[in-house]
Amino acid sequence: MELRRIIISVVEDHQVIVLKEVDGERSFPIVIGFFEANCIYRRVKGQIAQRPLTHDLIVAAIENMGGEVQDIVINDLRDHTYYAKLRVRNEGELIEMDCRPSDAIAVAVTAKVPIYVNEDVLGDALDED
């Protein structure tokens, strides 16, 4: 998947990001918080904060401990809530960590790694529209 749009609203409590298939036509929105949307937007636009933000810190901590962010996977959709895994490779072992999709996407954009969505989640997301 690729990040297609970031919709930031100063009047609404929620922001929206739209993910789209890289080699396909399917896309779907995810509602996220303002901080995460702003972090993702700044990173996509190449704006680097003077001091590390949370997602910069996460990537730096993983790398300084000898790991590498491999990718993120949006792996579940329950009760209109998406779930994601941050996948880190360390010493040949794949470690999956539960996280919010907004944080996972912010880390993926920071580390420049792929964003994946399980096929069943994509199907469920499209059924909800």
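Tyr41 counts as partly exposed, because its relative accessibility is 34% (buried means under 20% relative accessible area, exposed over 50%, partly exposed in between, with a 1.4 Å probe and protein chains only). The model is predicted: local features need pLDDT of at least 70, side-chain atom pairs count only at pLDDT 80 or more, and totals for chains, interfaces and linings use all residues. Residues are numbered from 1 along each chain as its sequence is written, and side-chain values use heavy atoms, with hydrogens and water left out.

Tyr41 sits in helix α1, residues 34-44 (helices are DSSP runs of H or I with at least four residues, strands are runs of E with at least two, and both are numbered from the N terminus). Together with Ile8 and Phe34, Tyr41 makes a nonpolar surface patch of about 250 Å². Patch residues have over 30% relative accessible area and no salt bridge; like charges are joined within 9 Å, and nonpolar side chains (Val, Leu, Ile, Met, Phe, Trp, Tyr) within 5 Å. The areas come from the Shrake-Rupley method with a 1.4 Å probe, and for residues only the protein chains shown count as cover.

Follow the chain past α1. Ile48 lies in the loop between α1 and α2 (54-64). Ile48 counts as exposed, because its relative accessibility is 58%. Its C-alpha atom is 25 Å from that of Asp13, 35 residues apart along the chain.

α2 packs against helix α3 (residues 101-111) at an angle of about 65 degrees, and their axes are 9 Å apart (axes are lines fitted to C-alpha atoms over the stretch in contact, with angles from 0 to 180 degrees between N-to-C directions). On the α2 side, His55, Asp56, Ile58 and Val59 make the contact; on the α3 side, Asp103, Ala106, Val107, Thr110 and Ala111 do (contact means heavy atoms within 4.5 Å).

α3 is largely enclosed by the rest of the structure, because 10 of its 11 residues are buried. Among them is Thr110, which has 17% relative accessibility. Leaving aside residues up to four places away in sequence, Thr110 touches Arg43, His55, Asp56 and Val59. Just after α3, Lys112 takes a positive phi of about 60 degrees.

Two of those Thr110 neighbours, Arg43 and Asp56, also pair with each other. They form a salt bridge, with the closest N and O atoms 2.1 Å apart (a side-chain nitrogen of Lys or Arg within 4 Å of a carboxyl oxygen of Asp or Glu). The pair links distant parts of the chain: Arg43 is in helix α1, Asp56 in helix α2, 13 residues apart. Asp56 counts as buried at 17% relative accessibility.

The structure holds nine salt bridges. In one of them, the side chains of Glu36 and Arg100 meet at 2.4 Å, N to O. Glu36 is in helix α1 and Arg100 in the loop between β6 (93-99) and α3, so the pair ties together parts that are 64 residues apart in sequence. Glu36 is buried, with a relative accessible area of 8%. Arg100 is partly exposed at 46%. Arg4 forms a salt bridge with Glu2, the closest N and O atoms being 3.2 Å apart. Glu21, Arg26 and Glu119 are linked in a salt-bridge network.

Finish at Ser27, in strand β3 (residues 27-32). Ser27 is partly exposed, because its relative accessibility is 30%. Not counting residues up to four places away in sequence, Ser27 touches Val18, Leu19, Lys20 and Leu126.
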